[in-house]
Amino acid sequence: MIEINELTKTFGSHTAVDHLNLKIQPGEIYGFLGPNGAGKTTTLMMIMGVLKPDGGEARLFGKRMFEDPFGIRNQIGMVAESLNFYDEMTALEYLQFFARLYQVPEPQKRIQELLEKMNLWQWHDVLVGGYSTGMRRKLGVIRGLLHSPRLLILDEPVSGLDPFGIVQIRQLLLEEKARGTTILISSHILSEVERTADRVCIIAKGRLVVEDSMDRIRQDAAGKRQIEIEMVNQVAGLLPALQALPFVTGVASRNEQTLIIDTLADREYRADLGIELAARGVVLQGMKALEASLEEAFITLTESYVEDLKQDRLGGKEQE
Amino acid sequence: MKKHFASNSATTIQAFFRSALAVQTRNSNSTLYSAGIYLATFLGLLAATLVLNNNLQATTKNMLFISQQPLFLPLLISVSFLALLLAVMASINVSRERDRGTLEVLVYGPVNEATFLFGVFIGYLKIYLEMLLIILVWANLVTWLLHLAFSLKILVMLLSSVLMAAALIAFGILTAVLGGKARTALVFFFVIVLVLGGIQIADQIVTILLQASDSASNSMIFLRNALMTLSSGIQWISPYSQFTLMMDGIADSIWRTYFVHLAIMLVQTLALIIGGIKIFERKGVRG
Amino acid sequence: MKTMTKAFSFQKLVIRLLLPFIVLALTVNTASAVTPDSNDAFVYAISAFDGQVYRSSFAPANTETIYLMAGENNVLSSKKTEVYFWPLTQTYNADWLAQNDFVDGTLEILQGNKVIQTLQQQPYVIQYDSVDPVATRNLAYGDDADAAYENFLQQRKDYQDRQSQYTMDYQAYSDEVSRIVSEANGEPLTTADFPSEPETVPDFTLYSTEITNGFVFALPAGDYSIRLRLPDGSIQDGSEKGLVVFTQLRQAISYKVIPAERWTAPDYAQEPDGVIYAPNNSTLYLVPYMEYEYNQQAYQRMIDPQETESRADQRMWVSFDPYSGGQMIVLKNGTADQAFDAVAYYVSQSSSSGLGYDIELFDGSQSSTPSFTGYRLDLTAQNPRYQIALRNADGSIIKGSERQVRVLNTYMSQPLYAVAFLPLLAGFIVIISRRASVKKIKIEG
């Protein structure tokens, strides 16, 4: 669906995007993450053809933007982070305008359907200038979905939304995915990306840091697997015994009944642990593998880049 | 690659006009729902009424007034004022769309620099035509009230004024593209208009001064010659000057003159709008 | 910041561009007019017929084309004179007093590259009676020039002789009157006692140029060129010029329109599609003139070869002789509704403090000749639209004599301002409809 090859963009002496390579498959939800200043928005602008790359190319549906700009853009729904609307129009008029641009069939029906899904239909004749931030965010998403695009690109789609709104957007995205829409999400609300994305890439300083499935990223970044056990009985000397096991890297006690055991990340060790615990007379109430969070993975993977960025900026200031 | 383009060119042209018309509708509705355009038309007609009243008073005083087209000058004032204002509005509109980011949102869709500017252009032209209808109704009412003679030449004059408006609107769009921000665009616009207009006015003033004077220094004569040369050059690039020359052709039924200046204005308009599009494409929507 | 810097530097640039002009305008030194440099140059002195009389001008070196009217004799003289450039008017002037030498040669008139006429210089005079120069103008040339000039000289001599005789007769009359009065010794005297006063001698109104040499020719309309071939066969420097001979484009009737009301001034309705407007209950007197339409540039440059204001794509009407013999008709639905003849009128100027004038029927007692002969039109609001025309004795309408006359509603000047509010009314309707169809509320959170 989207192929980015050696994409590069510089602004003066600053390289915003540095030989980036990505591939987004049709029908997947793809998380596009990175710290502030990583080059995410620049990359999205180049994908959309708003900015011209200084090197490399971006292909959408197998074509470069300039080959068929109207044809390609007709198949993309872009929801940018900034909430820029025509405040003097009503929501209905605003969407009718875009429906006309995209030649949406049965536009009135489609507009009403989407507005109702987002609980905005009762405000359809209110000037957009009077909308709250959350309503404007929803309106932007509706605009992006209006023409049932093949590719949906969202930059901070849930920023400013209340939990109900976030759930509505999430449901909408999952519906679109079920329809076969490819979705590219860039967001700082990692929990939402975690819930919806099939694959994620993290970029920093314009370069790709990692691109993989959610599980692999979480696990690989954590460098370990965690198992939580709940015991019925306490056994003396259990902690040091567990610590001595070759596949155990750490043991922590949450409370008298609950232990968090860190194991090596190369394979699943719950069966081995179960045998060891049984041998020591531990009666288990429960055992489960704990997943590392995307947030933790993100921080782990990007903190060195953020430090570098800070140093670059400080160094620049000293030079001044 | 060429083959790829050729097969899409018909669809591209269709898409271009479709998008431009959508942009045009949005722009013209937005303008029609605000008071500014009506106020501008009113002020233009007020100025026209002042001129007409002047003629009425002259008739009362001198018991006589002879004219081929008594409505020409009042209509010229009102359409010129309206066209100038629409040019300013077009300039502000383009700049503001860029400033507030709504242009970027359009460009995510099937709109590029060319469709956007063309859509703005025809949008304001449409508004001009709508206001022209009001001016035509005014002309008819005034003719009926005063027992003026109404000729088809007035219709020809008003229709021809559309070209002047087109050229001025295209100029306004060009200043927005050059200036970027709304304030800078306005500065560009007014400085250019004032300089060109100022040179023409200064030329007339200096000529009158020299005619009234018995003597003149070399520097004043040099100034007069310089202004005269500049002024005659400006006449070729000024849509207003070309329009008044067209009006001379209409008034005297010299159609060759009319069509020559009509062609010049067409060229001016095309050069301005195409130039604006090309510069905008180079600068990009983010400036 | 970057944008502000850009705007600021653009303004600076504009000021810098204008600065030289401002400085030049300010550096006016108040010395008197610059003394021009003159030089000896070849020129054509022109006596051009303008449709009524002959006008004199000259074509210096910077004049590339000479314009003359077709169908009538015009005169060009090849001369050398002191020519100087006058910066104030941006024109060349000839100092004929300093130098006025004929250049001998033949004038060749070419069309394309072919010489179609070769002319020799011949003597000519231009004469007219200043009472009616149009009707009496005469260009006598060749063998007739001498005779015409001699005739003029003779008439002038006769006038001078009559004037002398009158002077003597008046002196004798004065002396006689003095004698009678002194011999009356207080006795009452009547006019019968006095001799008749001698009749005054009418003014000498004839005018004639002196006999001079020139190339006299008449050409049909077209584009030509001229040059002066010197006796040695060479072409005189500066003598090659274009020659445009033009003719009238259209013919029509113009009207001098004189309002009956005093303290007004007459105006001219020259354009056939021009409309004459007058207030309600007013009276107009229309005096028709024959007019012809010419190319503006051709006509203006015929009068002044150095003028630069005229435009080749414009036309102008020039009124000539008063037109007499037609009957004025007022048309209604294309047919004559009223008809009336031209009447002689006399304009009596008020000499009192009231000033102004009154127009009366001419009866011969006010003056020897009427002030004008024209048609009277009384206008009322009951019939605000008139179509007037002149018709011949055979009933045909004289082409170009039609005019529209309308009664202007001058009392509508204040209500007119109300009509200007039309766009505000339209805007009010649109904006109110818009506001009714949308909700303008602010939703928080």
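Guide: Domain bounds, as used here, come from an automatic or database domain assignment, and the model to which they are applied is predicted.

Visitor: Into which domains is chain C divided, and what are their bounds?
Guide: With bounds taken from such an assignment, chain C is described as two stretches of sequence, of which one runs over residues 35-247 and the other over residues 250-412. These are, respectively, domain 1 of chain C and domain 2 of chain C.

Visitor: Which strand gives the most residues to the side of domain 1 of chain C that touches domain 2 of chain C?
Guide: The C-alpha centres of the two domains of chain C lie 32 Å apart, and the contact between them joins 17 residues of domain 1 of chain C to 13 residues of domain 2 of chain C. On the domain 1 side, the elements giving two or more residues are strand 2 (54-59), strand 3 (65-69), strand 5 (91-95) and strand 14 (241-246) of chain C. With four residues, the one that gives the most is strand 3 of chain C.

Visitor: How many residues of that side of domain 1 of chain C are nonpolar?
Guide: The side of domain 1 of chain C that touches domain 2 of chain C includes two charged residues and five polar ones. The nonpolar residues on this side number ten.

Visitor: How far apart do the C-alpha centres of the domains of chain A lie?
Guide: In chain A the assignment gives domain 1 over residues 2-213 and domain 2 over residues 223-320. The distance between the C-alpha centres of these two domains of chain A is 36 Å.

Visitor: What percentage of the residues of chain A count as buried?
Guide: The secondary structure of chain A consists of eleven helices and 14 strands, and, among its contacts with a separation of 6 or more, 71% are accounted for by residues 24 or more positions apart. A residue counts as buried if 20 or more other C-beta atoms lie within 10 Å of its own. By that criterion, the buried part of the 320 residues of chain A is 39%.

Visitor: Where does the one strand of chain B fall in the order of its elements?
Guide: Chain B has ten helices and one strand, and its C-alpha trace spans about 70 × 55 × 35 Å along its principal axes.

Visitor: Which helix of chain B provides the largest share of the side that touches chain C?
Guide: Here 56 residues of chain B are in contact with 61 residues of chain C, and the chain B side comprises 34 nonpolar, 17 polar and five charged residues. Among the elements that give two or more residues to this side are helix 2 (36-62), helix 7 (182-212) and helix 8 (218-237) of chain B. The largest share, 13 residues, comes from helix 2 of chain B.

Visitor: Are helix 3 and helix 5 of chain B roughly parallel or roughly antiparallel?
Guide: The axes of helix 3 (residues 72-100) and helix 5 (residues 113-146) of chain B come within 10 Å and cross at roughly 155°. Angles over 145 degrees count as roughly antiparallel. Therefore helix 3 of chain B, relative to helix 5 of chain B, is roughly antiparallel.

Visitor: How many charged residues does the contact of helix 3 with helix 5 of chain B have?
Guide: Helix 3 of chain B passes helix 5 of chain B in a right-handed crossing, where residues including B:Leu82, B:Leu86 and B:Met89 of helix 3 meet residues of helix 5 that include B:Tyr124, B:Ile127 and B:Met131. By class, this contact has 15 nonpolar and two polar residues, and the number of charged residues is none.

Visitor: Is the crossing of helix 9 and helix 10 of chain B left-handed or right-handed?
Guide: Helix 9 (residues 239-251) and helix 10 of chain B pack with their axes 7 Å apart and at an angle of about 160°, which means that helix 9 of chain B is roughly antiparallel to helix 10 of chain B. The crossing of helix 9 of chain B and helix 10 of chain B is left-handed.

Methods:
Residues are numbered from 1 along each chain as its sequence is written. Chains are lettered from A and ligands numbered from 1 in the order in which they are written. This is a predicted model: local features need pLDDT of at least 70, side-chain atom pairs count only at pLDDT 80 or more; totals for chains, interfaces and linings use all residues. Axes are lines fitted to C-alpha atoms, for helices over the stretch in contact, and angles run from 0 to 180 degrees between N-to-C directions. Angles under 35 degrees count as roughly parallel, over 145 as roughly antiparallel, 65 to 115 as roughly perpendicular and the rest as oblique. A crossing is left-handed if the near helix is turned anticlockwise from the far one by less than a right angle, and right-handed if clockwise. Two residues are in contact if their C-beta atoms, placed from the backbone, lie within 7 Å. Ala, Val, Leu, Ile, Met, Phe, Trp, Tyr, Cys and Pro count as nonpolar, Asp, Glu, Lys and Arg as charged, and the others, Gly among them, as polar. A residue is buried if 20 or more other C-beta atoms lie within 10 Å of its own, exposed if 12 or fewer, and partly exposed in between; C-beta atoms are placed from the backbone.
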